[in-house]
Amino acid sequence: MKKIEAIIKPFKLDDVREALADISITGMTVTEVKGFGRQKGHTELYRGAEYMVDFLPKVKLDIVVTDEQVERCVEAIMKTAQTGRIGDGKIFVFDVERVVRIRTGEEDEDAI
């Protein structure tokens, strides 16, 4: 099993969710986060004063999938979240040692 962590632009969330649902991936955790990479933030004007916004709003998706689903999941996220501009985000893939569904006690792939 693998955990896929994807950092994407907030306005792409619904499109990515639909793309994942199309390949039968329905479970995920979504967190609103802030950060920056090469994008390095931007300046904004507020009440006549210009100031630097260092951290940009992003959305983090946490998805646990079987080993067989990893490539399709990564491809779906990449295709859907990509705008071609700086700040599109990143995808990280981690090994998952064990999963337990609290309600039933099911484990590993049965618990996903």
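Leaving aside its neighbours within four places in sequence, with which residues is K9 in contact?

**Conventions**

This is a predicted model, in which local features need pLDDT of at least 70, side-chain atom pairs count only at pLDDT 80 or more, and totals for chains, interfaces and linings use all residues. Residues are numbered from 1 along each chain as its sequence is written, and side-chain values use heavy atoms, with hydrogens and water left out.

**First stop: the sheet**

Select the strands (DSSP runs of E, at least two residues, numbered from the N terminus). Four of them form an open sheet in the order β2-β5-β1-β6, with antiparallel pairing; two strands pair if DSSP finds at least two bridges between them. The edges are held by β2 (29–35) and β6 (89–95), each with a single partner strand, so one side of each is left without a neighbour in the sheet. From one strand to the next, the twist averages 20°.

Next, display β1 (residues 2–8) with β5 (residues 56–65): the two run antiparallel and are joined by seven bridges. Within this pairing, E5 stands opposite D62 in β5.

**Second stop: K9**

Return to K9, in the loop between β1 and α1. Its partners in contact (heavy atoms within 4.5 Å) are K58, T83, R85, I86, G87 and D88, leaving aside neighbours within four places in sequence. With a relative accessibility of 10%, K9 counts as buried, where buried means under 20% relative accessible area, exposed over 50% and partly exposed in between (1.4 Å probe, protein chains only).

D88 lies in the loop between α2 and β6 and K9 in the loop between β1 and α1, so the pair ties together parts that are 79 residues apart in sequence. Like K9, D88 is buried.

**Third stop: further salt bridges**

A salt bridge is a side-chain nitrogen of Lys or Arg within 4 Å of a carboxyl oxygen of Asp or Glu. The whole structure contains six of them. Select K2 and D95, whose closest N and O atoms are 2.3 Å apart. This pair links distant parts of the chain, with K2 in strand β1 and D95 in strand β6, 93 residues apart. K2 is partly exposed, at a relative accessible area of 23%, whereas D95 counts as exposed at 62% relative accessibility.

Move to R98 and E107, whose side chains form a salt bridge (3.1 Å, N to O). R98 counts as exposed at 55% relative accessibility, and E107 as partly exposed at 34%.

**Fourth stop: the helices**

Select the helices (DSSP runs of H or I, at least four residues). α1 lies across β1, β2 and β5, running at about 10° to β5; α2 lies across β1, β5 and β6, at about 5° to β1. Axes are lines fitted to C-alpha atoms, for helices over the stretch in contact, and angles run from 0 to 180 degrees between N-to-C directions.

Helix α1 (residues 13–22) packs with helix α2 (residues 70–81) at an angle of about 145°, the axes being 9 Å apart. To view the contact, show D15, V16, A19 and L20 in α1 with C73, A76, I77, T80 and A81 in α2.
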